[in-house]
Amino acid sequence: MTPLNAPVRKSSIVRKGAASPTAEAYDNAFQDKPRIGTVVSVTGSHALVMLEQDRTGEDRAQRPQLGAIMSIDAGPSVVLGLVSAMSVPAPSQDNPSAAMRIVEVELIGEFSKPTINAPARFRRGVSSFPTLGDTVHVATRDELTALFAINGVSSVRIGVVKQDAHIPATVNVDEVFSRHCAILGTTGAGKSCAVALLLRSVLGRFPNAHIVVLDPHNEYSRSFDDRAVVFDPTSFTLPYWMLTFDELVEVLYPGRAGYSEEIEILADLVPAAKKMNLTGASRAGIARDMTAITVDTPTPYRISELLSLIDKALGGLDSSRHTAPYKRLRNRIYTISQDARYAFMFGGLTVQDNLKEILGELFRIPVHDKPVSVIELGGLPSEVVQVVVSVVSRLAFEFSLWSNGAAPIALVCEDAHRYAPADQNEGFGPTRRSLVRIAKEGRKVGVSLWVVSQRPTELDPTILSQCNTIFAMRLANQADQEALRAAVPDASTSLLSCLPSLGMGEAIAVGEGVPMPTRIRFDALDRDAVPRSITASFTDGWSVDVEDDGFVDRIVEQWRAQRMLLPEIE
Ligand SMILES: Nc1ncnc2c1ncn2[C@@H]1O[C@H](COP(=O)(O)OP(=O)(O)O)[C@@H](O)[C@H]1O
Ligand SMILES: [Mg+2]
């Protein structure tokens, strides 16, 4: 046998699941007597374990796997670690069974040993390090059960631990919401199902939640049984007067460049229009402090009043050089307010101060047995979607700020890379700012952000780095894996090596919301609750001819009348 101090040759370390077992073998692994080895090296949070004499005869599924949880008996405590690599440092052809086998383990946390008065408790971090010669085994079922049962009160089940399918995988609800959460993976990996499942588990325990799901693919409407209110572009209103000046400018002049004169005029006239409207209200007996009205104050005003203010200003100007920006602004405001796509914003017949009703409906306060708002954004043009995401996320933040977090709100943002892209020049400024603000400060005021994305590279890294719980699902793209690696704690990066080979509905769960970084499999969602997106079916569409002669006529008519032809959901 090779001497113990033989250098460990890095080249032979298996970093990927080179011989990954079948799913069943994985499930059955470790259920029998755990395998024993001893600690032969400890460096910081990293330990090398030499496995005991070879047992090549045994079932390969019984050997430690990448990502498996190992436990090391370290005297007063049991240290838990993750298998990050394995190797035979000095392979021998003559006597392969005698070759030394080394398992690398990242130390993650420890169990205090139970006493008569105190049960075993798990904590992250290692206070008493293992020493050379300590015995090691694959974590037993009892240990795993104790690990995932931590904080039983506020933990909910979401699936099973891949290492032992008998152990329920749990998340800590407070941690997963208060410090934000990211669900990342290729399209089809099961992200939307994971979101639905996680939220359903949480709702089962906390029926008075306040959850807003921004649903760009119109897929969640049936995922929460009758516990969700579904808003679509026809039932949804977000009056223009709720917009901040920034948002209003982005609606009128996306990108802003070249419109500084118009924007300046608007900045003068909007507060004036707001004050005009308030005067009416105060006549009715509501006294308000007029000086507090700024361009951003969410108080109602009339578009007609804004337009007449522009007209009045125009009346006092003579040279066409001065009147041009006023005319252009007037035109732009008029066009947008008539645009059917913005009907949810400008469509109200009367202008009334319904901020209270809108906030209550949107954030489910009071809950009325429907703790979830699903906002369907599919079928809306992307710039309109950006405005909605911006306004909803800002309202969530501001509402929580002014209510001091009395009714914590969770905001689920699908396709988050579209609203907060990594490239600062892309996307819609106010939307990014609003999401970044929630990511950075939401914890203090009680707003939680859940970001769902298939392109972690394209997602603003500030947001990703603020997500303290990450469910990484199958992810094949190398750059995306790198982005993820940068966002998770070092000790769990080794687990990410199996990202490309994860099965559907499987995830690497890391961060504060889970007791330990682990590979889990989400529970199966009820058939009826599976989020279903509407994608045009080419095979269906191309199987039959459109026989109706008037078909194109109708489309053109709807187009001109600016009435949306929303896709039917079967
Ligand atoms: N936990 C689960 N329970 C039931 N079905 C699932 C689950 N995870 C994934 N699926 C299946 O995988 C398909 C794709 O999942 P989905 O969540 O839409 O993927 P993504 O959102 O990542 O594109 C679903 O339509 C469903 O059939
Ligand atoms: Mg999806």
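Asp-415 lies in the loop between strand S14 and helix H12 (416-419); helices (H or I, at least four residues) and strands (E, at least two) are DSSP runs, numbered from the N terminus. Asp-415 is not a glycine, yet its phi is positive, at about 55°. With 19 other C-beta atoms within 10 Å, Asp-415 counts as partly exposed. The scale behind that word runs as follows: a residue is buried if 20 or more other C-beta atoms lie within 10 Å of its own, exposed if 12 or fewer, and partly exposed in between, with C-beta atoms placed from the backbone.

This is a predicted model, in which local features need pLDDT of at least 70 and side-chain atom pairs count only at pLDDT 80 or more, while totals for chains, interfaces and linings use all residues. Residues are numbered from 1 along each chain as its sequence is written, and chains are lettered from A and ligands numbered from 1 in the order in which they are written.

The protein chain as a whole comes next. The chain holds 17 helices and 18 strands. Of its 570 residues, 42% are buried. Two residues are in contact if their C-beta atoms, placed from the backbone, lie within 7 Å. Among the contacts in the chain with a separation of 6 or more, 73% join residues 24 or more positions apart.

Two strands pair if DSSP finds at least two bridges between them. S14 pairs with strand S11 (residues 211-215) in the parallel sense over four bridges, and Val-412 in S14 is the bridge partner of Val-213. S14 also pairs with strand S15 (residues 447-453), in the parallel sense and over five bridges. Here Ala-410 stands opposite Ser-448 in S15.

A nonpolar core is a set of buried Ala, Val, Leu, Ile, Met, Phe, Trp, Tyr and Cys residues joined through C-beta atoms within 7 Å. In soluble globular proteins, nonpolar side chains tend to be buried together. The largest core here has 144 residues, and those that touch the most other members are Val-212, Leu-411, Val-412, Cys-413 and Ala-472. Helix H11 (residues 382-402) supplies the largest share of this core, ten residues. What does Cys-413 contact, leaving aside its neighbours within four places in sequence? Its contacts are Leu-214, Val-389, Tyr-419, Leu-435, Leu-449, Trp-450, Val-451 and Val-452.

H11 has 21 residues and spans 30 Å from its first C-alpha to its last, close to the 30 Å expected at 1.5 Å a residue; the expected span of a helix is 1.5 Å times one less than its number of residues. Because 15 of the 21 residues of H11 are buried, this helix is largely enclosed by the rest of the structure. In the loop between H11 and S14 sits Asn-404. Asn-404 is a residue other than glycine with a positive phi, near 55°. It is exposed, with 10 other C-beta atoms within 10 Å.

Other loops also have features to look at. The peptide bond from Ile-365 to Pro-366 is cis, with omega near -10°. Pro-366 is placed in the loop between helix H10 (355-363) and strand S13 (372-376). Asn-468 is found in the loop between helix H14 (461-466) and strand S16 (469-472). Although Asn-468 and Gly-511 are 43 residues apart along the chain, their C-alpha atoms are separated by 5.3 Å. Asn-468 counts as partly exposed, with 19 C-beta neighbours inside 10 Å.

The last stop is ligand 1. A residue is near a molecule or strand if its C-beta atom, placed from the backbone, lies within 6 Å of it. Ligand 1 is surrounded by 16 residues, of which the closest are Gly-190, Lys-191, Ser-192, Cys-193 and Gly-505. Which helix gives the most to this shell? Helix H4 (residues 191-205) does, with four residues. The shell divides into nine nonpolar, six polar and one charged, where Ala, Val, Leu, Ile, Met, Phe, Trp, Tyr, Cys and Pro count as nonpolar, Asp, Glu, Lys and Arg as charged, and the others, Gly among them, as polar.
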